[in-house]
Amino acid sequence: MGKFRLRGRKRRAREGSAARVPVRALVPNLVTSIAACAGITSISLSSEGRFKEAIWALLVACVCDGIDGRIARLLKASSKLGAELDSLADFVNFGVAPAMFLYFWHTGGPAHIIDGAPVSQLVIRMVLGASLFYAMCDCFRLARFNTMLEQETAPYWKHFFTGVPAPGGCWMVLTPALLSMSLAENKCMALQTLLRNPWFGMASLLFVGMLMASRLPTISLKALHISKPAMPFFMAGALLLIGLLVAYQWLAVGVLGMAYVLTVPVTCAIFLNLRSKHERGLTSTLNKS
């Protein structure tokens, strides 16, 4: 009888400990929730025509998205719930928020007026369609990423992403708006008008959306390594970049966004070279056997 009571107490103790969740396990999900709230705030600010504030809200979302996974690994609090929450937050922050930002940006804000002239309803609907296309390409990209986590990939894929990642696509598609903001401060009206043109905006949304949904290899910063001899030059460049970001934040981020777009064809060429080397190695191994 005593043994029975002891076993019952142990069982209740285990059930009680399983029902309690440590506070540290909630921290990564709270950071992810803050990121989603920042993305929703960006949508609200864009609808009011407060575009600079909307960009700052997206930057907060990007920072939170970059640290929530690291916090989870540091606290040993990774979970399936956190992974699903992170994916949904990414759709809001890097799919819906930039799409709505560019919708209002290229159609003249909530009043739909650019340079004192109203934007036609046809253009407004077409920009909305391009924005929806971009958002759904981001959704497709995130869904495909989740399904590929448990799949085996070829060795040469470990240095690359499949398609442009969601944060990278957000950065790419917002680059014209960032450059336009910088040019507005320097009163470069001609180029600013071009960058804010609705047709240019539609082309950007469609182009970046297709890059995200594609299977093109794109650069993965996690796989990059810096050699010790190059470390001083890398640190000097990083310090220079930080100085430019402080002095000319919109221009610096916009130029970096353009540079990121240019990495796509370079990365594809490197990928093809690595794949051909891998295939030649397999062929030679089969011939020897």
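**Exercise 1.** Determine the handedness of the crossing of α2 and α3 in this predicted model, and describe how the two helices are oriented.

*Solution.* The crossing of α2 and α3 is left-handed. To describe the orientation, take helix α2 (residues 27-47) and helix α3 (residues 51-74), whose axes come within 8 Å and cross at roughly 165 degrees. Angles over 145 degrees count as roughly antiparallel, and α2 and α3 are therefore roughly antiparallel to each other. As for the residues involved, the contact of α2 with α3 comprises 17 nonpolar, four polar and three charged residues.

**Exercise 2.** Decide whether aspartate 65 counts as buried or exposed, and state where aspartate 65 is found.

*Solution.* Begin with the location, which is helix α3. The relative accessibility of aspartate 65 is 17%, and the cut-off for a buried residue is under 20%, so aspartate 65 counts as buried. A further step relates aspartate 65 to proline 28: the two are 37 residues apart in sequence, while their C-alpha atoms are 9.9 Å apart in space.

**Exercise 3.** Characterise the second largest pocket by its volume, its lining residues and the elements that contribute to the lining.

*Solution.* The volume of the second largest pocket is about 230 Å³. Its lining has 13 residues, of which Met172, Thr175, Pro176, Met258 and Val261 are the closest to the centre. Two or more lining residues come from each of α6 (166-185), α8 (198-213) and α10 (249-288), and α6 gives the most, with five residues. Sorted by class, the lining has 11 nonpolar and two polar residues, and no charged ones.

Note on methods:
Residues are numbered from 1 along each chain as its sequence is written. This is a predicted model: local features need pLDDT of at least 70, side-chain atom pairs count only at pLDDT 80 or more; totals for chains, interfaces and linings use all residues. Side-chain values use heavy atoms; hydrogens and water are left out. Axes are lines fitted to C-alpha atoms, for helices over the stretch in contact, and angles run from 0 to 180 degrees between N-to-C directions. Helices (H or I, at least four residues) and strands (E, at least two) are DSSP runs, numbered from the N terminus. Angles under 35 degrees count as roughly parallel, over 145 as roughly antiparallel, 65 to 115 as roughly perpendicular and the rest as oblique. A crossing is left-handed if the near helix is turned anticlockwise from the far one by less than a right angle, and right-handed if clockwise. Ala, Val, Leu, Ile, Met, Phe, Trp, Tyr, Cys and Pro count as nonpolar, Asp, Glu, Lys and Arg as charged, and the others, Gly among them, as polar. On a 1 Å grid over the protein atoms alone, a cavity is a set of points where a 1.4 Å probe fits but cannot get out, and a pocket is an open set with protein on both sides within 12 Å along at least five of seven lines; lining residues have an atom within 4 Å of a point. Grid points are joined across faces, edges and corners, and a volume is the space filled by probe spheres set on the points. Buried means under 20% relative accessible area, exposed over 50%, partly exposed in between (1.4 Å probe, protein chains only).
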